[in-house]
Structures are given as C-alpha cells and as structure tokens.
Amino acid sequence: MPTGKLEVLLVGCKGLENSDFLVNMSPYIVLTCRTQEQKSSVASGQGSEPEWNETFVFSVTGDVSDLSLKLMDKDTFSADDFVGEANISLEPVFLEGSLPPTVYNVVKDQEYCGEIKVGLTFTPESNQEGGAEEENFGGWKQSSYIE
C-alpha cells in the first residue's frame, strides 16, 4: 500500500441546498482520511456556493482507500446541520501523483445535493536511503573482480 503525504486542496462548493431559512448558511467541511480528521474554516454567510481555497495535509500509511468530506452548516444557537457528503477514491491519485481540482457529487440520503471541487496531490515517501546505499557502495554492477 502507498505510504506518503496526501495534499488536499479544498476549492469550494456549488449548488448546495441552503439549510438556513432566514440567513445564508455558513458551511464548513470535515475532512477524514482513515483516522485523521481536519476541519476547514467556516465560510460565514457564503450560502450555497462557498469558497475556501484551503490546503490540508494527511499522512498516508497502510490501507487507505478514500477521503471522506462531510459538509456541515455552522449554527449559532443549535447543533450544526449535516448538509451532505462526498467520498473520493484515492486510487487515481496514488497512480497519477496529482489530480487537478475536480468536481465530485455531494449526496445526502443517497440523493444528489450539490458539488464540491477538490484537488489532490500524493507525494510518496522516498526510500532513497536503501537505494543510495546500494548505488554508492557497490554491488555486483560495480565489482572489479577479474578471474
């Protein structure tokens, strides 16, 4: 399984259903990669088309197959509202190294409820120590043994 650093560029959302009746909602995102969780800033009063342009970094080790994005609406006097979620498979970014900002569907109760735009970059952990040691200190390729 890949080991390294996953960089997530959270661009913004479009077409979200406004969960507040009197004012524009103030959405934020909870990003989860296996056991690591990070939160975006709250896009105060930006309503159904918030923009963040924030970057988050996760350490990838072991069996990580997707990134979960949960959209929430910050409420002052009551519990925050769940707006929807998107699950992004990480297999393509592990293969390609990076994916430009791409639009993913946001769903709630298995129904489409907007879009989220996210860019991904994966930097594999380099194992240069072992490789460099082999190159610099010989091996069968650099042997000067002559019969």
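Buried residues make up 34% of the 147 residues in this protein. The model is a predicted one. It holds two helices and eight strands. Along the sequence these follow the pattern β-β-β-β-β-β-α-β-β-α.

**Overall picture**

- The protein exposes about 9,500 Å², and carbon and sulfur atoms supply 47% of that area.
- Consider the contacts between residues at least 6 apart in sequence: 58% of them join residues at least 24 apart.

**Strand β2 and its partners**

- Strand β2 covers residues 27-33. Six of its seven residues are buried, so the rest of the structure largely encloses this strand.
- β2 pairs with strand β5, residues 66-73, in the antiparallel sense. Six bridges link the two.
- Within that pairing, T32 has S68 of β5 as its bridge partner.
- β2 also runs antiparallel to strand β3, residues 36-39, and four bridges join them.
- Here C33 stands opposite Q36 of β3.
- β2 and β3 form a hairpin, with two residues between the strands. R34 sits in the turn and has a positive phi of about 55°.

**The nonpolar core**

- In soluble globular proteins, nonpolar side chains tend to be buried together.
- The largest nonpolar core in this model has 32 residues. I116 and L120 touch the most other members.
- Several elements give two or more residues to this core: β1 (4-14), β2, β4 (51-60), β5, β6 (81-89), α1, β7 (98-108) and β8.
- β8 gives the most, with five residues.
- Leaving aside residues up to four places away in sequence, I116 touches L10, G12, C13, I29, L69, L71, A86, T102, V103, Y104 and V106.

**The aromatic pair**

- How many aromatic pairs does a search of the whole structure find? The search finds one.
- F94 and F122 form this pair, in an edge-to-face arrangement. Their rings lie 4.8 Å apart centre to centre, with 70° between the planes.
- F94 belongs to helix α1, residues 91-96, and F122 to strand β8, residues 111-124. The pair therefore ties together parts that are 28 residues apart in sequence.
- Are these two residues buried or exposed? F94 is buried, because its relative accessible area of 16% is under the 20% cut-off. F122 also counts as buried, at 7% relative accessibility.

Methods
Residues numbered from 1 in each chain as written. Predicted model: local features only at pLDDT ≥ 70, side-chain atom pairs only at ≥ 80, totals over all residues. Heavy atoms only, no water. Buried < 20%, exposed > 50% of the residue type's maximum accessible area, 1.4 Å probe, protein only. Pairing = 2+ DSSP bridges. Phe/Tyr/Trp six-rings, centres within 6.5 Å; stacked < 30°, edge-to-face > 60°. Core = buried A, V, L, I, M, F, W, Y, C linked by side-chain atoms within 4.5 Å. Contact = heavy atoms within 4.5 Å. Areas by Shrake-Rupley, 256 points an atom, 1.4 Å probe, with all protein chains shown as cover.
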